[in-house]
Amino acid sequence: MSSDGEGGYRGAMTKTQKLRNLAEGLMAGLVECGYRGPWRWAHHQWEGPFYRAWDRWEPHTRPEFPPLELGGSSSGRSSQARVVLWQLKSTSPFHAYESQPLTDQPRGMEPREYLEECCDGATADEWVELAKAFLAEMDALGQRVQTR
C-alpha cells in the first residue's frame, strides 16, 4: 500500500489514498478481531452500522481520513462508506474480501503488525477499536458476525 516502500504515505494523501488506507486498516482490524469473512453484506446492510462506529471513532477527524457521509457530496469532498471497499484492488492483501476468507497474514505479517506498518492515521489499538465497534453494531442488528 505504501508509496514510499516503507509503510504509510509520505506527505499529504489524496482522497483515493485516504480511502485505501481506511479500507486496509478496517480489514486488518477486522482480522485482528477474529473476523474472517468473506464479506457477504450488501451495502444497505453494513453502511449504517459502519457510520455509527465511524462517527464515534475519534481518529476519523484526523487529516489521514476521508470525510464520509451518507450519500456523499456532489462537490466530491465526502464519500459514501461503500466507496471505501471499492479501494481494495488487486494490490491489496484483502482484495478478494467478497469471495474468500480474509488473509490472517497480510503481506506476511500478523494483522497488528500490518496495522502498525502499513496503515496511517491511527494506532493499531485504534484500528481494532473501529473494527470491534463495527462488529458490535452488526451484531446488534442481527447481522450474524462469525469470528474465530
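Are tryptophan 39 and tryptophan 46 buried or exposed? Both tryptophan 39 and tryptophan 46 are buried (under 20% relative accessible area, with exposed over 50% and partly exposed in between; 1.4 Å probe, protein chains only). Bear in mind that this is a predicted model, where local features need pLDDT of at least 70, side-chain atom pairs count only at pLDDT 80 or more, and totals for chains, interfaces and linings use all residues. Residues are numbered from 1 along each chain as its sequence is written, and side-chain values use heavy atoms, with hydrogens and water left out.

Now to the aromatic rings. Rings of Phe, Tyr and Trp (its six-membered ring) pair if their centres lie within 6.5 Å; planes under 30 degrees apart are stacked, over 60 edge-to-face and the rest tilted. By this rule there are 17 aromatic pairs, including these two:

| Pair | Centre distance | Plane angle and class |
|---|---|---|
| Tryptophan 39 and tryptophan 46 | 5.3 Å | 85°, edge-to-face |
| Phenylalanine 94 and tyrosine 114 | 5.8 Å | 85°, edge-to-face |

Phenylalanine 94 sits in the loop between H3 and H4 and tyrosine 114 in helix H4, so their pair ties together parts 20 residues apart in sequence (helices are DSSP runs of H or I, at least four residues, numbered from the N terminus). Phenylalanine 94 is buried at 1% relative accessibility, and tyrosine 114 is buried at 0%. Tryptophan 39 and tryptophan 46 also belong to one aromatic cluster, whose members include Tyr35, Phe50 and Trp127.

Glycine 37 and proline 38 are joined by a cis peptide bond, with omega about 0°; proline 38 lies in the loop between helix H1 (15-32) and helix H2 (43-56). Arginine 107, a residue other than glycine, has a positive phi near 55°.

Key: Helix = DSSP H or I, 4+ residues; strand = E, 2+ residues; numbered from the N terminus.
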